[in-house]
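Got a structure open and wondering where all those labels come from? Let's go through a few of them, one question at a time.

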Amino acid sequence: MISLRGVRFRYPDNPEGNAALSGIDLDIADGAFLAVLGASGSGKSTLAGILDALLIPTDGTVSVDGLVIDSAARPSREQLMRVRSTVGMVFQNPVNQIIGDTVEQDVAFGPANLGLDHAEIVRRTDAALHTMGLEELRLRNPVHLSGGQMQRLAIAGALAMGTRYVVLDESLSMLDPQGRDEVLANLGRLNSEEGLGIVMISHDVRDCAGCGRFIVLDKGRIAMEGCADDLSAMKDELRALGVRTC
Amino acid sequence: MLKDINLGRYHPGTSFLHRLDPRTKLVFLPVYIICAFLARTALTGIVALLALVALIALSAVPLRFMFRGLRTPLIVLLIADILNILLLDDGLRISIWLTLRIIEVVLASNLLTLTTRPGEIAAGLEKGLSFLKVFRVPVHDIATMVAVAFRFIPILTQEARDLMDAQTMRGADFRHGSLVRRAKALGPLSVTVFASAFRRADEMALAMDSRLYGFSDAPGNLHPLRYGREDAAAYICILCFLAVMVLMRTGGL
């Protein structure tokens, strides 16, 4: 379970401006599929950074499977390691998150950084490639993959670290419809069959197929929330908050 | 000119050179460069050249890839050669040797990068320079920087090419006019490419942070480097080549 209580975040280079997040209270249960919607500048990417401990809240607490990251104290190396190996992150631009020069090397990057022994790195890499259907592409240069395959690779990289949640920060926005469907189908399967918790961050309702619950951020606050079934009945309200609905 | 850049371009294959441990190839390159500069007579020049030709044949990399990176150095060399011939008494001989050596160095470097993945070069550097860790040199970080830099070269080259095409469509001319005029046309382009490189680097740093880069004091490796019999054979050949070149040089051949 991931819990945010009274989370507020202000970027250090903007001390006088508006906070990027203000008083966010949010629970994400094990195996949940949550959609975080909102216009540009609403605080979605800041929330993604907080969930992966890439950003530490200015106020409030974040608890990831019982491990509390508190705004009052700088998190230790071990705490960051535990959070980031529990919550994986997939970014918007698929090219900029590829580090390895083959598909398998890229998947192995996270496990290698965990300091695991060789056999365990191989086991986790093979398992993640199998789960994401990338076995046949394992020796390919990732730069030559399609957008959908690159984002599947990024998800495989997160899975190989043993993550139980994956946060996708506008990760479908640069994909063509085929790539988007390919990634969504894989995410749906991982969520229903493997119990992987998914946080899908987007400005587009089409990216939320398969989600159970949604929240809409506006100016750093939760402006709306509900079940996925309610989304189609809320088109006008969503449009007013800068969310694309068709 | 952008398509001439060979750095960071790996040509997949299974040749003897592709199979060698990257450390072997990293040792070969400086040894070959030393040998190329040891050559002072026609005989030693031919020996150095033949060794390179044999290696190019062994690599099974198509010649068009191998020679791709030569155009830009050749333009610079041509200018240097003209100046040498005009200004020096022995200019023609100096120009021939300079041209030959630079071509050999570029081709030998191409051999390394075309038969070795950037990540393997980085892993080879890391393992080969691991003794520097005693002096607290961040060898792993340096190797990662090298790998990321190699990976960025084709991406930024493609981006520069796309930008040039886009600006050409809007009337910019990068191909005609004086050198100064063309350099001026490239100014705004380089600013955009630099800005993009910084943005990409920023995003990649976040992705690496998210995947715990730098958190382990002893990061693992999917394919740990191991020397094989082929490497032993290659080291013997490298040593023999060096010995022959030194002996010929000292013997005045």
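Q: What makes two residues count as being in contact?
A: Their C-beta atoms, placed from the backbone, have to lie within 7 Å. Angles between elements run from 0 to 180 degrees between N-to-C directions. With that in hand, look at helix 2 (residues 77-84) of chain A: helix 2 lies across strand 4 and strand 5 of chain A, at about 115 degrees to strand 5. Helix 1 (residues 44-51) of chain A lies across strand 1, strand 2 and strand 4, and runs at about 125 degrees to strand 1. Keep in mind that this is a predicted model.

Q: How do you know that strand 1 and strand 4 of chain A pair?
A: Pairing takes at least two bridges. Strand 1 (residues 2-9) and strand 4 (residues 59-64) of chain A have five bridges, so they count as a pair, and the sense is antiparallel.

Q: What makes strand 4 and strand 5 of chain A a pair?
A: Again the cut-off is at least two bridges, and here four bridges join the strands, which run antiparallel. A:Val64 stands opposite A:Leu67 in strand 5. These two strands also form a hairpin with two residues between them, and A:Asp65 in the turn has a positive phi of about 50 degrees.

Q: Why are strand 2 and strand 5 of chain A said to stand at the edges?
A: The open sheet of four strands in chain A has the order 2-1-4-5, with antiparallel pairing. Strand 2 (21-28) and strand 5 (67-70) each have a single partner strand, so one side of each is left without a neighbour in the sheet. From one strand to the next, the twist averages 15 degrees.

Q: What holds the strands of a sheet together in pairs?
A: Strands pair through backbone hydrogen bonds, either parallel or antiparallel.

Q: What makes a residue of chain B buried?
A: It needs 20 or more other C-beta atoms within 10 Å of its own. Of the 253 residues in chain B, 23% are buried.

Q: How confident is the predictor about chain B?
A: On a scale from 0 to 100, the mean pLDDT of chain B is 88, and 97% of its residues reach 70 or more. The model scores ipTM 0.91 and pTM 0.85.

Technical notes. Residues numbered from 1 in each chain as written. Chains lettered and ligands numbered in written order. Predicted model: local features only at pLDDT ≥ 70, side-chain atom pairs only at ≥ 80, totals over all residues. Buried ≥ 20, exposed ≤ 12 C-beta atoms within 10 Å, placed from the backbone.
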